[in-house]
Protein chains: 2
Amino acid sequence: MTAFEALDHLLGSRFTTTLAARQQNAHNEAHYDEALPDAVAFPETTEEVAQILRTCAEAGVPVTPFGTGTSLEGQHLAVNGGVSLDFSRMNRILSVNDADMNVVVQPGVTRKQLNEELRATGLFFPIDPGADASLGGMAATRASGTTAVRYGTMRENVLALEAVMADGSVIRTGTAAKKSSAGYDLTHLLVGSEGTLGLITELTLKMHGQPEAVAAATCRFETVEDAVDCVILTIQSGIPMARIELVDEMMVRGFNLHAGTGMPEKPHLFLEFHGAPQAVAEQVATFRELAADAGAEGWQEAATTEERTALWSLRHGALPAIGALDPGAGKRTYSTDVCVPISRLAEAVAVAKEEARARGLICTIVGHVGDGNFHCGVRFDPADRAQLDAVLAFSGALAEAALRLGGTVTGEHGIGLGKQKYMDAEHGAALDWMRRVKTAFDPQGILNPGKLIPPES
Amino acid sequence: MTAFEALDHLLGSRFTTTLAARQQNAHNEAHYDEALPDAVAFPETTEEVAQILRTCAEAGVPVTPFGTGTSLEGQHLAVNGGVSLDFSRMNRILSVNDADMNVVVQPGVTRKQLNEELRATGLFFPIDPGADASLGGMAATRASGTTAVRYGTMRENVLALEAVMADGSVIRTGTAAKKSSAGYDLTHLLVGSEGTLGLITELTLKMHGQPEAVAAATCRFETVEDAVDCVILTIQSGIPMARIELVDEMMVRGFNLHAGTGMPEKPHLFLEFHGAPQAVAEQVATFRELAADAGAEGWQEAATTEERTALWSLRHGALPAIGALDPGAGKRTYSTDVCVPISRLAEAVAVAKEEARARGLICTIVGHVGDGNFHCGVRFDPADRAQLDAVLAFSGALAEAALRLGGTVTGEHGIGLGKQKYMDAEHGAALDWMRRVKTAFDPQGILNPGKLIPPES
């Protein structure tokens with residue numbers, strides 16, 4: 001019996017080699033070529049995942065995990081063929097533990113599905129990368145987003161994992177206790193490993209109390225430097241910002257074109273404050289003082305829940321709004337991110353603007369600037385190879401600048417296919433020790449091959 | 001040339017085989033037998049550490065890192081002989097980066113030394129395990145303490161590391177950026193690895209702003225269960241406690257005997273609130289309401305900085321105060337810790353009390369209860385083997401209970417020598433994957449042999 005026959009026997013109609021199913025998981029939102037798996041498997045239990053892995057390990061068939069396909073560096077693409085292991089049917093919330101403020105979920109549960117379920121409990125899951133990604137995928141790529149400045153990234157919010165390893169063995173890492181000093185931190189080794197060390201089949205996640213009071217607002221600055229200076233002062237002053245997002249003047253123009261917002265085309269900060277009522281009022285007052293000193297104008301508070309939702313919908317609609325800056329059939333937006341120590345943020349943003357300008361690229365900057373993390377959205381025409389090359393050269397210049405400024409080539413999008421070329425520059429000798437982990441955990445190299453670890457030169 | 005001749009040549013008087021020096025690093029605060037290294041090395045630079053490792057790797061000589069010798073599970077004891085690598089001369093603060101709220105330090109810097117240096121900056125390093133431990137040792141054991149409920153443990157506060165690996169290669173993990181999705185998280189793999197995977201030679205640590213306002217107080221409850229209920233309510237309500245420490249009635253008796261405090265011998269909570277002035281006032285008011293509902297009495301606020309210092313000095317003086325409960329030449333205190341999901345905390349504390357009572361042991365309970373973590377301090381006479389056996393059986397029963405309640409056998413003391421026997425029960429199949437990491441990183445087994453990973457049965 002071949003491996004595929006065995007999987008067909010195991011999963012029945014939940015194992016398929018039809019072109020339609022393979023194409024569905026071959027797509028990506030970035031600039032990577034489509035990559036067709038040879039088959040797609042839809043397991044429903046950890047034991048099925050373990051059996052798939054045992055079968056594939058025996059036959060040397062690659063296995064590429066698939067959540068919602070929203071990763072931005074091609075992490076979910078089966079570039080070496082084999083099985084696309086689609087977690088969409090492992091989408092059950094297994095327990096909500098109010099008293100301990102955690103939940104246990106299967107990896108295919110999406111963040112919006114979870115928050116829907118939590119609504120009545122007074123708890124919420126804050127991590128918000130924009131897309132309605134699966135929680136397994138978010139853990140595997142160490143996702144974060146607008147609220148990480150206050151609540152941390154997936155790194156800080158995964159308490160425990162169950163994972164299936166390359167040989168089909170099932171392990172549990174961590175516990176529901178808030179801390180532990182018992183042995184190696186395999187949880188954090190798996191978080192961010194992009195499915196190359198093991199496949200996450202269950203997550204215990206920290207929840208947070210829905211804040212008693214919330215305030216949201218926007219304000220604008222003459223220059224990005226002024227806005228960034230305001231951010232630095234805010235973080236240093238210890239205001240526990242829930243969100244502090246930079247939107248540059250080009251992005252505002254996109255919003256105006258796309259959503260008719262009529263905002264002054266200047267750099268803006270989008271802000272949110274969480275806490276007890278008096279604490280929030282105090283945070284807002286302190287922020288406004290700092291912001292005024294940094295030259296802020298046009299303070300606009302979102303007074304109602306509806307206005308607040310509208311504010312963040314606008315921010316999360318950045319991708320279509322970037323499209324409005326340079327419409328045209330077939331054109332796409334390349335999205336990249338870097339993260340630097342906050343003191344170097346203004347420099348990094350200046351590099352991005354200059355490198356885009358020098359290449360004649362249309363580039364917006366939006367960012368989780370409280371963490372020193374920002375995104376560049378650059379328009380390109382995939383049919384124009386020279387333009388794509390210019391975009392990739394831009395991305396390379398930005399990555400190099402991030403390293404020169406003491407930062408990292410990616411704050412949240414991950415390595416996947418696109419950023420392997422910077423792994424040596426970022427990690428130096430440490431890359432050899434990452435390779436040792438990979439070899440120890442997946443000696444055959446069947447787990448998401450072609451991702452994260454660059455080929456040896 | 002033998003390895004020791006080579007090290008003597010390299011380090012001169014900073015390499016010694018004298019009995020006095022060896023004995024100094026053979027001591028421990030717990031119940032473990034003294035363990036003499038064959039030699040002690042005092043490197044001053046990373047390059048010297050690398051040369052020591054290269055020399056020892058070639059000769060197969062064990063290397064055991066030594067910070068201040070305050071670990072509680074024998075992590076620093078050279079149980080297989082070889083070289084005790086003493087970091088006390090690598091104690092320089094390399095940079096204080098106010099704008100980025102981080103510092104770069106050598107591993108021998110102690111937490112008090114760091115906070116002394118930071119005093120003028122408005123920043124502080126919150127992690128406070130009680131002892132004035134070295135920061136390298138604190139990272140290696142994933143230390144935490146009274147403020148972890150607010151500021152996290154070493155896991156959350158180490159941004160980047162430099163480490164020397166078993167073959168003498170020097171790696172850097174992480175960057176000064178606040179987050180990254182670039183590759184495997186070797187930083188968190190090294191944090192908590194107790195010197196068995198690599199030796200930390202430099203740390204980049206997160207700093208926090210000194211709070212604008214601080215309030216501290218104590219209150220008491222009729223029963224430990226009432227106190228714990230109050231803690232659970234407090235955490236669930238989202239009050240961002242800076243410290244919330246349980247002190248049981250036996251511990252209070254110890255304080256009264258040792259320090260003449262004259263406190264009612266009931267379970268107490270010791271509390272601290274940090275924030276902006278109105279936020280702190282609001283936190284205190286909200287806490288007092290919750291506490292009153294849970295039956296709190298005797299609210300005592302520490303009004304001045306001096307009173308606050310006295311309050312925490314009392315708490316940190318637990319060890320000598322336990323001694324006052326059962327004085328006698330040669331008697332010692334065995335200290336163990338477990339951590340459970342907070343909803344199971346009252347049960348875990350009840351098990352501890354019952355298991356101690358059943359064995360006729362004098363046992364105090366103090367704990368970082370906001371995290372579900374607590375310590376038992378048990379008196380014993382090392383000359384009385386039966387009593388030590390009873391203490392160890394008590395510790396085993398407590399560890400088993402922690403696992404049964406969904407927790408971990410150690411929240412902050414670590415595995416070292418004493419808790420290896422629970423690694424299989426806590427980690428199951430995951431322990432094999434920890435062994436894979438160890439074998440991949442230290443194939444000869446020269447890094448802190450005999451610690452953390454139990455021998456294969």
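Domain bounds here come from an automatic or database domain assignment.

## Domains of chain A

This is a predicted model, where local features need pLDDT of at least 70, side-chain atom pairs count only at pLDDT 80 or more, and totals for chains, interfaces and linings use all residues. Residues are numbered from 1 along each chain as its sequence is written.

Chain A is divided into domain 1 (1–210 + 422–457), domain 2 (213–319) and domain 3 (326–414). The C-alpha centres of domain 1 of chain A and domain 2 of chain A lie 33 Å apart. Eight residues from domain 1 of chain A and nine residues from domain 2 of chain A make the contact (heavy atoms within 4.5 Å).

## Between domain 1 and domain 2

Domain 1 of chain A and domain 2 of chain A bury about 780 Å² between them. Buried area is the accessible area (1.4 Å probe) that two parts lose on being put together, summed over both. Carbon and sulfur atoms carry 54% of it. On the side of domain 1 of chain A, A:Thr146, A:Val149 and A:Arg150 supply 64% of the area buried against domain 2 of chain A, more than any other three residues.

The rule finds one salt bridge across this interface (a side-chain nitrogen of Lys or Arg within 4 Å of a carboxyl oxygen of Asp or Glu). A:Arg243 forms a salt bridge with A:Asp128, with the closest N and O atoms 3.1 Å apart. Helix 6 of chain A gives the most to the side of domain 1 of chain A that touches domain 2 of chain A: three residues. Helices are DSSP runs (H or I, at least four residues), numbered from the N terminus.

## Between chain A and chain B

The two chains meet through 79 residues from chain A and 78 residues from chain B. About 6200 Å² is buried between chain A and chain B, and carbon and sulfur atoms give 57% of that area. A:Lys179, A:Tyr184 and A:Trp433 supply 17% of the area that chain A buries against chain B, more than any other three residues.

Eight salt bridges are found across the interface of chain A and chain B. In one salt bridge, the side chains of A:Lys179 and B:Asp371 meet (3.6 Å, N to O).

The same surface serves both copies, as 99% of the contact residues of chain A recur in chain B.

How values were computed: Chains are lettered from A and ligands numbered from 1 in the order in which they are written. Side-chain values use heavy atoms; hydrogens and water are left out. Helices (H or I, at least four residues) and strands (E, at least two) are DSSP runs, numbered from the N terminus.
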